[in-house]
Amino acid sequence: MIKCSTCDDVAVFFQRYSGKKLCGQCFVKSTEERVQKAVSKYNMFTPSDTIAVALSGGKDSVSLLHILHKIEARFPKSKLLAITVDEGIAGYRDEAVDIASDTCKILNLRHMITSFKEFYGYGMDEIVEVAEKKHGLTACTYCGVLRRKILNVTARNAGVDKLVTAHTLDDEIQTIFLNVLRGDVARIFRTESTFLCKKFVKRVKPFCGVPEKEVAFYAFLKNIRFQVAACPYARSSSRNEVRTFINRLEIMHSGTKFTVYKSFQRIQSSIEKFTEKVDFQECDICSEPTARETCKACQILMELNLLNNN
Ligand code: SF4
Ligand SMILES: [Zn+2]
Ligand SMILES: [Zn+2]
């Protein structure tokens, strides 16, 4: 029997990068504490914030909602709610929306559901059909842009102060690598503090210090229901290639993900002082904030001849 490094119970998880062996209870506690630590370290919330979690129904967002619900109970002046965007992906999103709704019922939280169809007039399946014929763009590229816009508008209209996304440490590292590979230097060093626009609801990522694998194990230990099926369009994502590459590095050099993240944060905070503030203007089509004349969402839909006035 292998003992937990923190108590006398049987260890069920070996955290290679820290050398710790943890029992179920200590593992759950340490995951929740890491979320709390990130919330405090980055001053993510104030005690009276209205907080919305972008709830997809996947393991990350459902687990995070459970943890934040627990933390938020200590702050009676704050409000917690969830926003789910139904992208309109047949055979995939229905189950996720169902799980998201059930989670909010269990936690007694307000749940706002919005959709691509409602907002843009087209669901992802229709958009992909057109995009595949016209463009070499991968589905995730435009899906992400379109979802971000809906989330921002929905949260802002609901008076939300902080919009929470369940990006894990893995997501953060993948994004860093993807931006480097694409040569998108501006995005690498652009942070929330470089945005000069009240129309953007501030985004926070309390899972930024928790590896994806540990979120999955947390959900398993807590018996949390989440959607297991993968999105049918995810296969075409270059993020998957980066994920495989980083996971290989992590196996060979344990702790790589944390090292990369910390290095990046250090570089980012030094560069931030010299980074020019981005002055956002209103999109000439939808009036949402953009650094260019037309926002990226309108641009994508316009190129696909799918632009409705939304
Ligand atoms: S995997 Fe890609 S296409 Fe599927 S929901 Fe996520 S971002 Fe959209
Ligand atoms: Zn223990
Ligand atoms: Zn626009």
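Hi everyone, today's protein has 12 helices and 11 strands, where helices (H or I, at least four residues) and strands (E, at least two) are DSSP runs numbered from the N terminus. This is a predicted model, in which local features need pLDDT of at least 70, side-chain atom pairs count only at pLDDT 80 or more, and totals for chains, interfaces and linings use all residues. Residues are numbered from 1 along each chain as its sequence is written, while chains are lettered from A and ligands numbered from 1 in the order in which they are written.

Let's take the overall shape. The C-alpha trace spans about 65 × 45 × 40 Å along its principal axes.

Now to one piece of the fold. Strand β4 (residues 79-86) pairs with strand β5 (residues 110-115) in the parallel sense, over 6 bridges; pairing needs at least two bridges found by DSSP. Ile83 stands opposite Met112 in β5. Together with helix α3 (residues 93-107), β4 and β5 make a right-handed β-α-β unit, meaning that, with the strands pointing away from the viewer, the path from the first strand over the helix to the second runs clockwise.

And which residues come nearest to ligand 1? They are Cys140, Cys143, Cys231, Tyr233 and Ala234, out of 9 around ligand 1, counting a residue if its C-beta atom, placed from the backbone, lies within 6 Å.
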